[in-house]
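Visitor: I am new to this one. Can you walk me through it?
Guide: Here it is.

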Amino acid sequence: MELILEGLTKAVSLIYHLDPEVLGITLLSLKVSGTATIISLFLGMSGGVFLALADFPGKRLLISIVNTGMGLPPVVVGLFVTVFLWRNGPFGFLEIMYTPAAMIIAQAIIATPIVTGITVASIQNLPPGLRLQVLALGATRGQMLRILIREARLPLLAAVMAGFGGVISEVGASIMVGGNIKGYTRVLTTATVMETGRGNFDVAIALSIILLALCFGINYFLTRIQQRQRPR
Amino acid sequence: MKRCKFVPLFLTALAMLIWLAVSPSADAAQKNLILATTTSTQDSGLLDVLIPLFEKESGYFVKTIAVGSGQAMAMGKKGEADVLLVHSPDDEKKFMAEGYGMGRRLIMHNDFIIVGPAGDPARIRGAKNSADAFGRIARSGALFLSRGDNSGTHAKEKKLWKAAGIVPDGQKWYQQTGLGMGETLNVAAEKKGYTLTDRGTYLALKKNLGLEILAQGDPLLLNIYHIIEVNPAKWPKVNAAGARAFADFMVSKKTQEVIGGFGADKYGSPLFFPDAGKKPDSLGL
């Protein structure tokens with residue numbers, strides 16, 4: 001109990017004094033996970049809309065694979081990305097192992113199935129006649145897609161939140177492909193693991209509280225957009 | 001109208017991408033140096049002091065990857081690290097004999113200690129030496145927590161079991177955590193078990209543990225750190241010049257002084273003893 005209080009005090013003091021190291025770690029967390037989420041949104045939403053609307057053999061199998069991917073363990077992603085990005089691996093020439101770019105790639109791989117899966121579900125949940133009706137009213141294909149996405153925007157915002165929440169809180173892949181390098185690839189989760197190992201439990205708790213506050217702030221912002229636009 | 005609300009979101013996205021693109025990155029390949037090392041050098045905070053000194057002096061950007069000594073050497077064997085700072089002498093000799101390393105130089109030492117609950121159910125306080133202490137733990141069936149991760153500490157532990165003539169694997173009182181030293185100490189504290197630890201990590205965590213030093217001072221418990229430059233013959237992408245610069249930095253007089261003074265203010269005694277230039281035999285090996 002005493003330890004948790006110490007952690008709270010430490011968190012308040014770290015935030016109040018704008019500790020430059022903690023600030024850098026927090027910004028990097030936001031930067032890496034934010035970019036990964038945006039990439040996964042582009043990939044996941046286009047892929048998800050396609051999967052939901054197109055008809056082709058093997059569609060169910062593909063959707064099952066995507067749904068399985070929603071629970072992709074970060075350490076597994078981390079291991080594979082590591083093997084691919086190593087100097088002497090197939091993509092070694094890129095020389096991005098142990099950089100924020102490598103972390104973004106790993107996190108985007110984790111988040112994309114989540115966004116895809118939720119997109120498929122939300123598009124398929126629209127009233128079945130809607131698409132035909134829109135087309136019958138003379139909309140082009142592009143207009144039809146836009147209307148469908150607009151109609152499904154509330155669950156799609158949930159996809160953003162789920163994707164972002166999934167990657168900002170993961171540690172397995174980040175520590176493997178980023179290496180937890182001070183001032184370069186150290187993010188909130190990997191710093192928490194390290195401070196715990198160092199026995200600095202107060203700092204570890206403080207970092208966790210900052211991470212929670214950050215997640216809450218971003219979800220609050222997205223939820224407000226979501227609820228404001230709720231159709232009446 | 002509705003679409004307008006997505007414009008700020010899109011702009012934010014764009015801004016983040018640009019931010020990422022222009023953010024400072026140290027990716028001049030020649031200047032990157034990967035140091036694979038053991039967790040104890042990072043968890044004790046020693047590298048946080050030494051790395052900035054080296055970076056400032058040499059202009060290299062050091063990527064410190066803190067893993068167990070076993071994994072560090074595995075990275076070296078695959079050419080994924082340039083220079084290693086490790087503490088697993090037998091494996092290091094093998095690593096050198098197989099031609100994976102170029103120079104291996106002595107840097108520093110401290111010692112391992114056997115810690116456990118203050119009640120000392122296996123009565124190892126009166127043990128003659130560390131092998132005897134391990135023997136008493138085995139005979140009493142008191143819980144022992146092993147790292148189980150091929151780290152330098154794990155290698156030392158296996159050596160001690162061998163010296164005691166005991167095969168602990170599969171015994172009910174022998175549990176492997178597979179975690180780093182800090183985590184393993186925490187598990188030992190929670191379960192009131194014994195474990196082998198380096199003194200530095202123990203001192204750093206002591207406050208919250210409730211474990212006591214029960215055996216120490218045996219020459220077998222010496223914990224010796226070497227620096228190894230990875231041989232670029234096999235993996236041409238290895239940054240040999242950087243590795244040499246870092247190894248030279250570690251044995252330099254100035255660095256050795258920093259190592260010798262590190263931790264004295266916080267723990268009352270230094271965590272590491274600088275040994276550059278000494279013969280390993282003089283340490284009692």
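**Domains, contacts and folds**

Guide: Chain B is divided into domain 1 (28-109 + 224-283) and domain 2 (111-221), with bounds that come from an automatic or database domain assignment. This is a predicted model, in which local features need pLDDT of at least 70, side-chain atom pairs count only at pLDDT 80 or more, and totals for chains, interfaces and linings use all residues. Residues are numbered from 1 along each chain as its sequence is written, while chains are lettered from A and ligands numbered from 1 in the order in which they are written.

Visitor: How many Å apart are the C-alpha centres of the two domains of chain B?
Guide: The C-alpha centres of domain 1 and domain 2 of chain B are 26 Å apart.

Visitor: And how many residues are in contact there?
Guide: In chain B, 17 residues of domain 1 are in contact with 13 residues of domain 2. Two residues are in contact if their C-beta atoms, placed from the backbone, lie within 7 Å.

Visitor: Which helices supply the domain 1 side?
Guide: In chain B, helix H2 (39-43), helix H4 (69-77) and helix H5 (89-97) each supply at least two residues of the side of domain 1 that touches domain 2. Helices (H or I, at least four residues) and strands (E, at least two) are DSSP runs, numbered from the N terminus. The residues on that side of domain 1 of chain B divide into four nonpolar, ten polar and three charged. Here Ala, Val, Leu, Ile, Met, Phe, Trp, Tyr, Cys and Pro count as nonpolar, Asp, Glu, Lys and Arg as charged, and the others, Gly among them, as polar.

Visitor: Staying with chain B, which residues of helix H6 are buried?
Guide: In H6 (residues 130-140) of chain B, they are B:Ser130, B:Ala133, B:Phe134, B:Gly135, B:Arg136, B:Ile137 and B:Ala138. A residue is buried if 20 or more other C-beta atoms lie within 10 Å of its own, exposed if 12 or fewer, and partly exposed in between, with C-beta atoms placed from the backbone.

Visitor: What covers them?
Guide: The cover over the buried residues of H6(B) includes strand S4 (101-117), strand S5 (144-146), helix H7 (152-164), strand S7 (194-198) and strand S8 (211-215) of chain B. Just after H6(B), B:Gly141 has a positive phi of about 70°.

Visitor: Change of topic. What is in chain A?
Guide: Chain A has eleven helices and zero strands. Its C-alpha atoms fill a box of roughly 65 × 50 × 25 Å, taken along the principal axes. Of the 232 residues of chain A, 44% count as buried.

Visitor: How many residues does each chain put into the contact between A and B?
Guide: The contact takes 19 residues from chain A and 27 from chain B. On the side of chain A that touches chain B, helix H2 (20-53) and helix H10 (188-197) of chain A are the elements that give two or more residues. H2(A) gives the most, with four residues. That side of chain A divides into five nonpolar, eight polar and six charged residues.

Visitor: What about confidence in chain B?
Guide: Chain B averages a pLDDT of 88, and 88% of the residues score at least 70; pLDDT is the predictor's confidence in each residue, from 0 to 100. Over residues 1-5 of chain B the pLDDT is below 50, and this stretch has one contact in the model beyond near neighbours in sequence. Where pLDDT is low, the predicted coordinates should not be read in detail.

Visitor: And the ipTM and pTM?
Guide: The model scores ipTM 0.81 and pTM 0.84.
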